Amino acid sequence: MKKSYQSVANFTNYKTRELLIRFFSPNLLLTSFLFFALLSTSVFAQEGGDPVAGKALFNTNCAACHALDRKMTGPALRYVESRLLEDEGLDREWLSAWIRNSAAVIRSGDAYASKIYAEYNNAAMTAMPQLTDEDISNILAYTAQDPPAPAAVPAGAQAEAAESSGGISNELILGALVVLFLLLAIGLYMVNKTLRRFAEAKNIDIEEAVPSRSLWSAFVKNEFLMLVTSIFFLLASAYYAYGYFMQLGVDQGYQPIQPIHFSHKIHAGENKIDCKYCHSSARVSKHSGIPSLNICMNCHKSIYEYGGETTVEYSKEFYDGEIRKLYAAAGWDDANQEYTGETQPVKWVRIHNLPDFAYFNHSQHVSVAGLECQTCHGPVEEMEIMYQYSPLTMGWCIDCHKETNIQVKDNGYYAKIHEELSKKYGVEQLTAAQMGGLECGKCHY
Amino acid sequence: MRGLINIVVLAVLLISVNSCKKDSQPNYQFFPQMYESPSYETYGEYDIFADEQSALIPAEGTIPRGFSLYEYENTNEDYELAKAELKSPLDSTLVDVDRAKELYDIYCGICHGNQGKGQGTLVKNEKILGVPSYADAARAITEGSIYHVIMYGRNAMGSYANQLNEEERWQVTAYVLKLKEDLTK
């Protein structure tokens, strides 16, 4: 909870308010009441600006580069108006001129404008002449709101507590079962012991079970039965040995632990990012391509925390930690929003790996044949942890080549050869096999 | 009692054989020398390279075959310059709208929206905010500025130069202009 207060503490003019909050923080009800009271006063102080309309405007116009409590491409904007007024003596008029055309303000030689422009790596703020005075006052009303963090923290904590209690109860049930089982075993042992003692006391002989060997010796003496059994065992072991040797080198289901927990489920499933966004060379090259980290940073420059569904195992903290790992590898200083230049390669563990004596080309399958990635890689958009879906054996390749018809529609690549070959084979639709997809030299050379 | 021991031994054996197959470990191979030749793999780790990776960027001062030089720097001045004077080498007959749409939907539509209104899936999911519409009058994008921004990125947007080659960038540029026209109609 302290953290959220620290962001407030950055602004000296709100020190007194912060003190008040600290003072009352044990009593949450009172705090939230206080917050509402403060919220309403600060809203009315904003010359009639509407923070709700301001939020919508902020999200469409400003949020690409600015956040309220966080430095992004541009500076954090909470209390921007009062800060500028108190620290720099700049009024609403200056701010409006800056918002509508910051480049013009910089050109006019304004000292603070030049300073802030240089401080943020000469990133040019888009001119927004379309914003009216009312729009700007709405946006500023939104930035003048106090952070709602204290109310959110206990809610999150409660949810977590509820989730973890669900996890504990499962373990409790298992533990109780184990204890019950142990008690039963001990009970039976005790009963047995007591009964034996009674028997001894009353001089009753207990017949110990005599191990009967009659069945076994009969079996050994029967030669026919022995023969049948040994043939059965030989066949069975041949079957299992064959099965074992056939699965050697097949990595279906291989699911290694990666250095960064990248969830395809979140990226490709929930956010519907196309496979080829990251694996762009699958379109044009042999290799599908492991995205370099600048592609991660295309989005994660803006997305610094996880905001989706969580479970006990995969909590928000866990995912946020993984984003931190990405920042460390890419050398991105999140606090100052700049690259440090200290990068380190991420050692991804390769999952799909054909033997080197087999040639495979992604672009042939993705661009020419127009296959969906899921045909071979399975439901990747549902995989929290990536695994190998297909066996990637030669038989698997051949089966698909025998069954799959070639895409001829709008495909100049095949037009002529398809016409001639279909005449030769006397078929309407050629399969990949009939195009030569079974020839050894296509994949092994 | 001996029967019990036999059963336990058998169970232990079965379990240990079973547990040898772990999903987090790759399977055994018949002839590893044939499966993994000594040549460098695309993303391999080898001592000989800087950072031990075989994935390298082209040597300084060289460009890959089929690439051409881009004369503009990644600065605000050159952005304005490209916006004013850079023209597409593709004439209307060379623009392949279907392919451009496919590329646009993969690389741009996720944020900018498939209509270019700035309402892509990531914006709707509130992951990335403030993506402008192509019709935004204040930005007044031109083919030069579109290409320049795809090349270098701008502010929160990153560069797409390594996902799209030169010709593809111009195709996407043409498609973005088409979307802008449709929006301002």
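In which loop of chain A is the place of A:Y79? The legends below take up this residue after an overview of the model.

Figure 1. The structure shown is a predicted model, scored at ipTM 0.87 and pTM 0.72. Chain A contains 22 helices and two strands. Of the 445 residues in chain A, 15% are buried. Among the contacts in chain A with a separation of 6 or more, 64% join residues 24 or more positions apart. For chain B, the average pLDDT is 86, and 95% of the residues score at least 70.

Figure 2. A:Y79 has its place in the loop between α4 (51-61) and α5 (80-88) of chain A. Most residues other than glycine have a negative phi. A:Y79, although not a glycine, has a positive phi of about 60°. Is A:Y79 buried or exposed? A:Y79 counts as buried because 22 C-beta neighbours lie inside 10 Å, and the threshold for this class is 20 or more.

**Figure 3. Close-up of A:N203 in another setting.** A:N203 is found in the loop between α10 (149-201) and α11 (214-221) of chain A. Phi of A:N203 is also positive, near 55°, in a residue other than glycine. A:N203 has 6 other C-beta atoms within 10 Å and is therefore exposed, a class that applies at 12 or fewer.

**Figure 4. Close-up of A:L95 and its contacts.** Helix α6 (residues 92-100) of chain A holds A:L95. With 18 other C-beta atoms within 10 Å, A:L95 is partly exposed. Leaving aside neighbours within four places in sequence, the contacts of A:L95 are A:E81, A:L84 and A:L90. A:V80 stands 15 residues from A:L95 in sequence, and their C-alpha atoms are 9.3 Å apart in space.

Figure 5. Helix α16 of chain A comprises 15 residues, 316-330. At 1.5 Å a residue, this helix should span 21 Å, and its end C-alpha atoms are 21 Å apart, so the two values agree. The expected span is 1.5 Å times one less than the number of residues. Just after α16(A), A:G331 takes a positive phi of about 70°.

**Figure 6. Close-up of the contact region between chains A and B.** Here 36 residues of chain B are in contact with 48 residues of chain A. On the side of chain B that touches chain A, α2 (32-35), α4 (97-107) and α6 (121-124) of chain B each supply at least two residues. By class, this side of chain B has 16 nonpolar, 14 polar and six charged residues.

**Figure 7. Close-up of the largest nonpolar core.** Which residues touch the most other members of the largest nonpolar core? Of its 61 residues, these are B:Y107 and B:V172. Helix α8 (residues 166-184) of chain B gives the most to this core, with six residues. Chain A takes part as well: the core draws at least three residues from each of domain 1 (2-147) and domain 4 (264-404) of chain A. Not counting residues up to four places away in sequence, B:V172 touches B:A100, B:L103, B:Y104, B:C108, B:I150 and B:L164.

Conventions:
Residues are numbered from 1 along each chain as its sequence is written. Chains are lettered from A and ligands numbered from 1 in the order in which they are written. This is a predicted model: local features need pLDDT of at least 70, side-chain atom pairs count only at pLDDT 80 or more; totals for chains, interfaces and linings use all residues. Two residues are in contact if their C-beta atoms, placed from the backbone, lie within 7 Å. Helices (H or I, at least four residues) and strands (E, at least two) are DSSP runs, numbered from the N terminus. Ala, Val, Leu, Ile, Met, Phe, Trp, Tyr, Cys and Pro count as nonpolar, Asp, Glu, Lys and Arg as charged, and the others, Gly among them, as polar. A nonpolar core is a set of buried Ala, Val, Leu, Ile, Met, Phe, Trp, Tyr and Cys residues joined through C-beta atoms within 7 Å. Domain bounds come from an automatic or database domain assignment. pLDDT is the predictor's confidence in each residue, from 0 to 100.
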